[in-house]
Amino acid sequence: VIEGYSSPQKSLCIQKQFAWGRSAYEIQDKLIKACKVKHVSWMVATHGFKNLLWVAHFAVKVAYSATTWLLYQKSKKGTAISRTYNGEEYTVGIYETLVQHDGWNHDALGVINSNMIKQHTQMRKELQNRHQDITNDVNQYTTCIANYLGTEIISRFPDTTVGPLNSLCRQLLGLTDRRRLEDGTEVHSDAPFNIDVSWGEESIVMQQQASMEMEIEILDKEERILKALSKIENAVGINCGNIRCEQEETNIGCPLDCANAESTVLSTTEETMASGFDKIKFTILAKRKVAITALSFFTKDALEESNVKISTMAGTYTNSLFSLDKWQNVLGTTVTTTAYSTGTASLMKFEFEGIQIVVEGGQCQSFEVYSDSAIMVQMSTNMTEGDVAYEDDALQIFTGGVMEDHSPKPIQFNGVIEYDGLARVPEISGSNSQGGIAMDQASATDLVLEQEMKSTKRKIAAIQRKVGQIDVLSTKLSALDDKMSAQEDKMSAKLSAHEDKMSAKLSAQEDKMSAK
């Protein structure tokens with residue numbers, strides 16, 4: 001049994017094959033060992049050669065370094081100049097040279113930058129000056145064209161003299177043989193912005209001015225006529241009944257408006273009537289001749305018996321603790337008053353029975369009113385004593401004053417002042433020093449009416465004369481209008497023809513200027 005096989009032949013065959021394979025393996029092994037020996041020998045030879053090359057390279061480098069060092073030492077010690085050689089000094093010198101060079105570059109670049117800025121500024125200035133010159137030339141040329149057209153048009157007006165065109169415009173428009181200098185050095189004593197014109201008395205401008213003056217005169221006369229008519233209407237009584245006692249209306253001619261007329265001065269806000277004082281003073285100014293007949297006002301407290309006193313004086317009062325004003329009593333009575341704060345209070349009216357306080361137009365009259373129940377007034381921090389507080393067609397009422405804590409305070413009288421447009425009869429003065437207090441009379445009514453009718457007739461005659469003058473002026477104005485219309489038509493025709501001629505001439509002039 002060979003290797004587990006029991007077949008002898010097969011075993012013999014295997015043994016023979018194994019012996020042949022062993023001999024082949026031995027041959028192969030010998031060849032492989034020979035190849036390895038050869039490879040190792042080649043590697044050893046290659047490595048040795050590389051080492052030889054490296055040694056040679058290193059020897060060359062060492063020789064180069066040694067040679068360089070020897071040359072340096074020789075150059076350093078060879079001569080006297082070489083013996084003074086110092087590398088540090090050379091380095092410092094090179095550094096200083098580079099610093100100087102950098103400074104020079106900085107200065108050079110600064111000069112270049114400055115030159116660029118100056119050149120740009122100069123160029124811009126020259127451009128601006130040239131643009132301004134162009135603008136001035138265009139403006140001068142336009143103005144000269146307008147002046148030339150104006151002189152040509154105005155010269156065609158009748159009775160009108162126009163001065164010559166100035167020398168500058170004549171040169172700009174090519175109307176002279178004198179050459180204009182191209183550099184602009186020529187100086188002109190005259191300016192192109194004016195036209196010398198003289199208007200005669202028969203010229204259109206003077207006629208228009210005369211017409212305007214005449215129209216102003218007519219309007220002024222019409223205004224005076226209207227005022228006179230208004231006065232006549234008021235005096236005759238045409239405007240009577242409009243609840244306004246106008247200047248020419250009287251208590252006799254128009255009792256509806258001027259008998260017991262009222263100047264009502266009442267507060268329009270709730271908070272302004274919150275103050276009350278026992279005694280107040282105020283002044284009025286009469287715009288026309290009036291007769292004060294009564295005062296009405298509110299009282300602060302409700303009293304069964306309240307003493308009320310009213311005094312008056314001509315002119316304005318002095319509001320101080322110590323006053324030398326001469327007051328004259330015109331009313332003293334005791335009445336029952338109501339409180340203003342209850343909401344049901346009404347005005348307390350006090351008439352000057354049998355007395356008229358006559359105030360001439362343009363004169364002042366002052367009043368001092370006292371009441372135990374205090375008088376309601378209006379107060380404000382914006383008030384100043386003596387300022388106008390209220391006015392109507394007949395009266396101006398000024399801000400009054402009171403004494404509070406021994407110092408004056410401004411107040412505004414709130415109530416009603418009744419008056420007649422004129423004294424009911426010619427006054428019989430009872431006291432001239434107190435502003436014309438007169439007693440009622442009833443005897444001169446016819447005399448007053450007769451005087452007013454005579455005055456009215458004179459005014460009507462004057463108005464008729466003025467109306468006749470207006471008719472004459474209207475006729476003159478109509479004739480003047482017709483004359484001016486005809487003149488305008490004539491001038492329009494001339495101007496149309498002249499404009500056509502000027503247009504053609506200007507076109508030719510512009511072509512000529514363009515060609516130049």
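How many disulfides does the count come to? One. The points below concern a predicted model.

1. **The disulfide.** Cys144 and Cys169 form the bond, with their sulfur atoms 2.1 Å apart. The pair links distant parts of the chain. Cys144 sits in helix α3 (residues 87–154) and Cys169 in helix α4 (residues 167–172), 25 residues apart. The torsion about the S-S bond is about -75°, so the disulfide is left-handed. Both Cys144 and Cys169 are buried.

2. **Two further cysteines.** Cys35 counts as exposed, at 53% relative accessibility, because the cut-off for exposed is over 50%. Cys364 has 22% relative accessibility and counts as partly exposed. Buried would need a value under 20%.

3. **Helix α3.** This helix has 68 residues. At 1.5 Å a residue, α3 should span 100 Å. Its end C-alpha atoms are 100 Å apart, which agrees. Buried residues in α3 include Thr143, Cys144, Ile145, Asn147 and Tyr148. Gly150, Thr151, Glu152 and Ile154 are buried in α3 as well.

4. Asp392 lies in the loop between β11 (388–391) and β12 (395–398). Asp392 is buried yet has no salt bridge. Which side chain of opposite charge is nearest to Asp392? Lys287, and it is 5.9 Å away. The side chain of Asp392 does reach backbone nitrogens. That of Ala394 is at 3.0 Å. That of Leu395 lies 2.7 Å from a polar atom of the Asp392 side chain. Leaving out residues up to four places away in sequence, Asp392 touches Glu262, Ser263, Lys287 and Tyr419.

5. **Ala374, a backbone point to check.** Ala374 has a positive phi of about 70° although it is not a glycine. The residue is found in strand β10 (residues 364–378). Ala374 counts as buried, at 4% relative accessibility.

6. Side chains of opposite charge can pair when their charged atoms come close. The count here comes to nine salt bridges. One of them joins Asp220 and Arg224 at 3.4 Å, N to O. These two are four residues apart in helix α5 (residues 204–236), and therefore separated by about one helical turn. Asp220 is partly exposed, with a relative accessible area of 36%. Arg224 is partly exposed too, at 42%.

7. **Glu368 and Lys279.** Their side chains meet in a salt bridge at 4.0 Å, N to O. The pair links distant parts of the chain, 89 residues apart. Glu368 is in strand β10, and Lys279 is in strand β4 (residues 275–286). Glu368 is buried, with a relative accessible area of 14%. Lys279 is partly exposed, at 43%. A network of salt bridges links Lys279, Lys281 and Glu368.

8. **Glu418 and Lys349.** This salt bridge has an N to O distance of 2.8 Å. Glu418 lies in strand β15 (residues 415–420) and Lys349 in strand β8 (residues 348–351), so the pair ties together parts that are 69 residues apart in sequence. Is Glu418 buried or exposed? Glu418 is buried, with a relative accessible area of 6%.

Terms used: Residues numbered from 1 in each chain as written. Predicted model: local features only at pLDDT ≥ 70, side-chain atom pairs only at ≥ 80, totals over all residues. Heavy atoms only, no water. Disulfide = S-S within 2.5 Å. Buried < 20%, exposed > 50% of the residue type's maximum accessible area, 1.4 Å probe, protein only. Expected span 1.5 Å × (residues − 1). Lys, Arg positive; Asp, Glu negative; His and termini not counted. Polar contact = N/O pair within 3.5 Å; in protein donor to acceptor, adjacent residues only side chain to side chain. Contact = heavy atoms within 4.5 Å.
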